[in-house]
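Please open the model in your viewer and keep the sequence beside it; the tour goes from one selection to the next.

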Amino acid sequence: MAYNLLKGKRGIISGALDENSIAWHIALKAKEEGAVFTLTNAPVALRMGKVKELATACNAELIPADATSVEDIEKLYRQSMDILGGPLDFVLHSIGMSPNVRKGRDYNELKYDDFLKSIDISAISLHKMLQVAEQIDALNEYASVVALSYIAAQRTFNTYSDMAQAKAVLESIARSYGARYGKLKKVRVNTISQSPTKTTAGTGIDGFDVFYDYADRMSPLGNATAEECADYVITLFSDLTRKVTMQNLFHDGGFSTMGISDDIIEKLKP
Ligand SMILES: NC(=O)c1ccc[n+]([C@@H]2O[C@H](COP(=O)([O-])OP(=O)(O)OC[C@H]3O[C@@H](n4cnc5c(N)ncnc54)[C@H](O)[C@@H]3O)[C@@H](O)[C@H]2O)c1
């Protein structure tokens, strides 16, 4: 059911690769709620992915941008404002990649140039998106910027590897830039810490199926799906959450507050 929550709003949605991507679901919901937006992803992902299908379904233009390139980000904002007819009301950062995880390296075998790339792609890119937006005044008052995070920023999940550090930096940038941009232009900046979700990035983590199953058994409400995440993101893009900023918001069925669940006790009973 749609509520027209984003009627008249303009935005940018990054990170939709295929129909499993969390951003894919957010784009469909944003369209349903009346927003107009552009879609963006790394040039290679746009060539290989299925994003054109999504662009057609959302009547949205696709703009290639490597999230580590300040030049690409500036073009992304300028083109989006041209296409959509003015400054923006929301930006989704749904970007994550660790070359160390992708190459299956243990935590004691990380390559440091790849560690830096993980942090650049997955975290500093949020700072770049915010800094460029401020410099060219691309966001309207009360615009909402949302980035997706994971609880490995606070707790240790061994195979999440250097992505844990990347998420910690991402959440910290949301707080620091949120303070600045809030004062300057009432722009909100938040991260959503989402349950394990079966996507390309998610399933790239070693042991993902166990993460998924464990989190599901620990969470009173069960894991949150990508579609449910999309619903939550829409509320943050909407005017109903105008005083929510600088938060890391858990969207995880209660996982983050649990110690142990009956389900896990049953499972582990000798
Ligand atoms: N899947 C999960 O379990 C889970 C849980 C919590 C948070 N998240 C986060 O959600 C976000 C979206 O991931 P997803 O799970 O939908 O997987 P996904 O693989 O569908 O999306 C990740 C996206 O990042 C893009 N990307 C990678 N490098 C880029 C670059 N240099 N420039 C621009 N884009 C680039 C990819 O092309 C892809 O579209 C990520 O930040 C991820 O860490 C995922």
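This is a predicted model: local features need pLDDT of at least 70, side-chain atom pairs count only at pLDDT 80 or more; totals for chains, interfaces and linings use all residues.

Residues are numbered from 1 along each chain as its sequence is written.

Select Asn 20, in the loop between β1 (10-14) and α1, where helices (H or I, at least four residues) and strands (E, at least two) are DSSP runs numbered from the N terminus. Asn 20 has 16 other C-beta atoms within 10 Å and is therefore partly exposed, a class lying between buried (20 or more such atoms) and exposed (12 or fewer), with C-beta atoms placed from the backbone. Leaving aside neighbours within four places in sequence, Asn 20 is in contact with Lys 198, Thr 199, Thr 200 and Ala 226, contact being C-beta atoms, placed from the backbone, within 7 Å.

Next, select helix α6 (residues 112-135) and helix α7 (residues 163-185), whose axes come within 7 Å and cross at roughly 15 degrees; axes are lines fitted to C-alpha atoms, for helices over the stretch in contact, and angles run from 0 to 180 degrees between N-to-C directions. The two helices α6 and α7 are therefore roughly parallel to each other, a term for angles under 35 degrees. Among the residues that meet are Ser 118, Leu 126 and Glu 134 in α6, and Met 163, Ile 173 and Tyr 181 in α7.

Definitions and conventions. Angles under 35 degrees count as roughly parallel, over 145 as roughly antiparallel, 65 to 115 as roughly perpendicular and the rest as oblique. Two residues are in contact if their C-beta atoms, placed from the backbone, lie within 7 Å.
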